[in-house]
Amino acid sequence: MKKKLTTVTFHGTKEQEEQLLAIIAKHRDTPGALMPVLQEAQEVYGYLPVEVQKIIAKGLDVSYEEVFGVATFYSQFALNPKGEVAIAVCLGTACYVKGSAKLLEKITEVIGVEAGATSADGKFSVEATRCIGACGLAPVLTINNEVYGRLVPADMPGILEKYM
């Protein structure tokens with residue numbers, strides 16, 4: 001079953017925006033405020049959409065590029081909402097050498113969601129991640145924090161079928 005890749009539209013609430021503005025106000029005059037503001041904003045929204053990053057940039061009087069740079073540098077930050085079925089494929093050295101890029105290609109083919117994206121219905125999200133610490137099982141991926149290891153692309157349709 002192939003799903004069409006689409007962009008998820010941001011739907012923040014007024015209450016979330018009020019929380020965000022309070023977070024910014026609380027940290028505004030603190031050196032190094034960007035990291036705690038991003039962390040708390042992600043707690044409010046579950047991820048850091050462009051719209052939230054722009055509010056943070058304006059509120060802290062820094063460039064959007066700086067906010068985006070920090071949000072994309074640290075793996076703790078998500079730029080897209082996680083799906084009901086959150087898939088993370090390890091692209092760390094051991095996994096990559098053992099073929100994890102091919103697993104990622106197969107996942108994209110089967111569910112139609114590119115790495116870094118979430119399906120329009122919110123069912124699936126796919127992330128390419130760094131080492132998850134299961135190198136002995138390479139190549140590895142997680143689905144909703146359940147670890148699957150020693151995989152080949154042909155394994156993917158069967159594994160994904162139970163989440164469809």
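User: Taking two strands as paired if DSSP finds at least two bridges between them, in what order do the 5 strands form the open sheet?
Analyst: The order is E2-E3-E1-E4-E5, with mixed pairing. Strands (E, at least two residues) and helices (H or I, at least four) are DSSP runs, numbered from the N terminus. This is a predicted model, where local features need pLDDT of at least 70, side-chain atom pairs count only at pLDDT 80 or more, and totals for chains, interfaces and linings use all residues. Residues are numbered from 1 along each chain as its sequence is written, and side-chain values use heavy atoms, leaving out hydrogens and water.

User: Which are the edge strands?
Analyst: E2 (117–118) and E5 (146–148), each pairing on one side only.

User: How many bridges join E1 to E3?
Analyst: 6, between residues 85–90 of E1 and 124–129 of E3, and the two run parallel. Cys90 has Thr129 in E3 as its bridge partner.

User: What does H6 lie across?
Analyst: Helix H6 (residues 100–111) lies across E1, E3 and E4 (141–143), at about 155° to E1. Contact means heavy atoms within 4.5 Å. Axes are lines fitted to C-alpha atoms, for helices over the stretch in contact, with angles from 0 to 180 degrees between N-to-C directions.

User: What about Cys131?
Analyst: Its closest cysteine sulfur, in Cys135, is 3.7 Å from its own, too far for a bond. Cys131 is partly exposed, at 46%.

Definitions and conventions. Pairing = 2+ DSSP bridges. Disulfide = S-S within 2.5 Å. Buried < 20%, exposed > 50% of the residue type's maximum accessible area, 1.4 Å probe, protein only.
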